[in-house]
Amino acid sequence: MESLFEFLVAAFLVIAGVFGFVGSFGLLKLNDPMSRLHAPTKATTLGVGGVLLASMLHAAAFEKYFSVHELMITLFLFLTAPITANFIAKVHIHRQETRDTMPEAGGDDHWATHDTPEDEERRHPTLTPPTED
Amino acid sequence: MKLIWRLFPHPLLTLLLTVTWLLLVNGWSLNSLVFGLLLGVLIPFVTQPYWPNRPKLRHPLKIAEYILVVLLDIVQANIIVARIVLFKPNADRRPNWITIPLDLKTPEAITALAGTITMTPGTLSADVSDEGHALLVHCLDAPNPDAVRDEIKQRYERRLMEIFE
């Protein structure tokens, strides 16, 4: 029984290591900035997830207590990782793309990163108070 | 009744913060429950001006199903993306922008959808349109962009629709 748990913990650690490696390898191999952004999301999901599963299993099987800190780490990662990725993507759109190089914005005029105060005023003329001269 | 709403502007947030505190303490005791409740009452009360609206949850139990679906998809997509990164030459890869027209209206639901798209490897939500009617998604390898769009709408947006609207 003991060795079965040892085997499981080791397996989760190896899986985590493999995906962590693929994540960092992708950062080097992929050749455009937006694609490169995909690599770290893999490292944060299965890469970190594998380590956390191994840690929980180890605590339950060998140290005889149930640990939930790993669940909290997963939760906080899932809350913060999309936001950092979104910020980097926005920087890319802001600096490398223009309205013409971007795809159509559905039924709307353009994407929010390319929005200007003038657009805002054109859309909602009543919201902006008239400027006094 | 009105006073109770004033004191507890977000009952769900109170519950969530208390549970979060108990999980952070990593053990059960009356002390930590009381302190967690204290935080759960104080924080929503103090941050009230930043959360003017209370998001409605129509089917809160469906959240469990949603989390399960997303976790399974994350494992599956990780393997697919690892294969693309390791074995597919850059020249064969077709990175693509995809526009997803949104049926969701609640800001919280759209945020949840964008977060889900980013956390499932292979897709990344990059931007929202100026009036919030479409989501811009970047795909690592999408030979068929329409299929990806339909899958996201069918798998995630439909479920979020049931939870939030």
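**View 1. Helices and strands of chain B.** Chain B of this predicted model holds six helices and three strands. Helices (H or I, at least four residues) and strands (E, at least two) are DSSP runs, numbered from the N terminus. Starting at that end, the order in chain B is α-α-α-α-β-α-β-β-α. Residue numbers start from 1 along each chain as its sequence is written, while chains are lettered from A in the order in which they are written. In this predicted model, local features need pLDDT of at least 70, side-chain atom pairs count only at pLDDT 80 or more, and totals for chains, interfaces and linings use all residues.

**View 2. The outline of chain B and its two domains.** The C-alpha trace of chain B spans about 60 × 40 × 25 Å along its principal axes. An automatic or database domain assignment gives domain 1 (2-50) and domain 2 (84-164) in chain B. Between the C-alpha centres of these two domains of chain B lie 34 Å.

**View 3. Where chain B meets chain A.** Here 34 residues of chain B are in contact with 43 residues of chain A; contact means that the C-beta atoms of two residues, placed from the backbone, lie within 7 Å. Among the elements of chain B that give two or more residues to this side are helix H2 (11-25), helix H5 (107-119) and strand S1 (96-101). Which element of chain B gives the largest share of the side that touches chain A? That is H4(B), with seven residues.
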